[in-house]
Amino acid sequence: MLDSAEAEYAELVEGINAFVKRMVVPLENANRELLDNPRLTFDKRGGYSAPVLDLMRQVREASAKAGYYAMFAPEEVGGEGLGALALFSVWEGLSHSAGPGRLLPDQVIGHWTSGPSFLLGEVHPSLRDGVIEDVMSGASTVCFGMSEPDAGSDAWAMSTKAVRDGDDWVLNGTKQWTSNAAHAKYAFVWAVTDEGMKRERKGGITLFLVPTDTPGFAVDSVLRLFEHVGGNETILSLNDVRIPDTYMVGTLNEGFGLALRGVSNGRMYNAGHCVGMARWALEEANRYTGVRKAFGKPIADYQGVSFKLADSAMDIYASKTMSVDCARRLDRGERALKELNMVKAYTCEACFRVFDRCMQVCGAMGLTNEMRFVAGWHFARMVRVADGTDEVMRRNIASSLRKGDVAF
């Protein structure tokens, strides 16, 4: 039986899924060729084509008006300021309902790297009527420029620099794996402002908001994954990018904490996304194996199939249980770093296992575009790297254990 908090979010999830059916599905049906043909979905450079971007904007703006898109932004900028359990719940619910391989449903909820997030609460007040309103309404998006070619898991190794010049800052450097940069109107960019503090890992990194039309800001290329014709990850460069001091976000030299908070949000988002996707995959495989016959009976009757489904069910139950427990800890104000790392690693790996099993038990049909398992498998493989690799999560967990954090 659901407690009051879960019941509240169950109603929210139901409302989001109803919005998808009412608003998103008709757009998908009217633009099937555009969304299903990658040669039309992406432009020649590899980013989303203008018609696809327009559909995404329509969904964002409609969702913002319906009250869903900006619900994780702080209350002081017009959001709902919802917490970790809500974040997990809505992404689990949306992913479970929508399944993989659909671009538009994910636009309903503002993603922490491209839409309204806690970072908007750190933006200078003078920008709130412009930048914040623009992002909160869904009219424009942002990107999250932290990773670099030589600074991925070890973010302290970043080399992008910001130097004060009068009332301005001048930024130089390269960012990599920056999602949505090819389409964003604004970029959140982390840069070194005090080399000595950074070297000692005591600060020295500052966050800046950079309009992407600023001279010197350039998206150099789109990174394509899994041999796709296009993608959403980019390499961008900053060459003498000059911005006013009011575009500094938060406190000078203390931007690293904001980055860690963002990544923590990302790990709970990934958990919800993975649990929802895994549930979708198991239900599809369970349905198919119950009607597909071999040697005179449904293939679900054979242990080689049924045990894979049972293993997937155990993975999903464990993933959801530990995610909800971790989310509750975070909402109570606990740091729960060990638990959050465990949740990120386990849910992403479990989702990957579930998709792999579901593809296997469905045989050759499991490999077809029609069943959409391959799209989910690609997603599950990607998130084992995004927002902290499996190996980094284990490193962090082991570090917590060595420091004496052995409670559960």
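Asn180 lies in the loop that runs between strand 3 (168-176) and strand 4 (186-192), where helices (H or I, at least four residues) and strands (E, at least two) are DSSP runs numbered from the N terminus. The phi angle of Asn180 is near 75 degrees, a positive value in a residue other than glycine. Asn180 is counted as buried because its relative accessible area is 11%; buried means under 20% relative accessible area, exposed means over 50%, and partly exposed lies in between (1.4 Å probe, protein chains only). The model is a predicted one, in which local features need pLDDT of at least 70 and side-chain atom pairs count only at pLDDT 80 or more, while totals for chains, interfaces and linings use all residues. Residues are numbered from 1 along each chain as its sequence is written, and side-chain values use heavy atoms, with hydrogens and water left out.

A positive phi angle, near 70 degrees, is also found at Arg372, again a residue other than glycine. Arg372 is placed in the loop between helix 10 and helix 11 (373-383), and it is classed as partly exposed because its relative accessible area is 25%.

The unreviewed UniProt entry places the feature "domain: Acyl-CoA oxidase/dehydrogenase middle" at residues 143-221. Over residues 143-221 the chain is 6% helix and 46% strand, and the end C-alpha atoms are 15 Å apart. The feature "domain: Acyl-CoA dehydrogenase/oxidase C-terminal" is placed by UniProt, in an unreviewed entry, at residues 253-401. The span 253-401 is 77% helix and 3% strand, and its end C-alpha atoms lie 30 Å apart. Ala285 is found in helix 8 (residues 255-291), and it counts as buried because its relative accessibility is 0%.

Side chains of opposite charge can pair when their charged atoms come close. A salt bridge is defined here as a side-chain nitrogen of Lys or Arg within 4 Å of a carboxyl oxygen of Asp or Glu, and by this rule the count comes to 26 salt bridges. One of them joins the side chains of Asp54 and Arg57, with an N to O distance of 2.5 Å. Both Asp54 and Arg57 lie in helix 4 (residues 50-66), three residues apart, which is about one turn of the helix. Asp54 is partly exposed, with a relative accessible area of 32%, and Arg57 is likewise partly exposed, with a value of 27%.

A salt bridge is also formed by Lys202 and Glu200, whose closest N and O atoms are 3.7 Å apart. Lys202 is exposed, with a relative accessible area of 63%, and Glu200 counts as exposed at 52% relative accessibility. In the salt bridge between Asp390 and Arg384, the closest N and O atoms are 2.7 Å apart, and Asp390 counts as buried because its relative accessibility is 3%. Salt bridges that share partners join Asp325, Arg329, Arg332, Glu334, Lys338, Glu339 and Asp405 into one network.

Surface patches were also identified. Patches are made of residues with over 30% relative accessible area and no salt bridge, like charges being joined within 9 Å and nonpolar side chains (Val, Leu, Ile, Met, Phe, Trp, Tyr) within 5 Å. Lys and Arg count as positive and Asp and Glu as negative, whereas His and the chain ends are not counted; the place of a charge is taken as NZ of Lys, CZ of Arg, CG of Asp or CD of Glu. Accessible areas come from the Shrake-Rupley method with a 1.4 Å probe, and for residues only the protein chains shown count as cover.

A negative surface patch is formed by Glu75, Glu76, Glu80 and Glu122. Glu122 is found in the loop between helix 5 (84-98) and helix 6 (128-136), and it counts as partly exposed because its relative accessibility is 32%. Arg335, Arg395, Arg402 and Lys403 form a positive surface patch. Arg335 is placed in the loop between helix 9 (303-331) and helix 10 (337-361), and it counts as exposed at 66% relative accessibility. A nonpolar patch on the surface is formed by Leu401, Val406 and Phe408, with about 330 Å² of accessible area together. Leu401 lies in helix 12 (residues 390-402) and is partly exposed, with a relative accessible area of 36%.

Methods:
UniProt positions are given in the numbering used here, feature names are shortened, and annotations may be inferred rather than shown by experiment.
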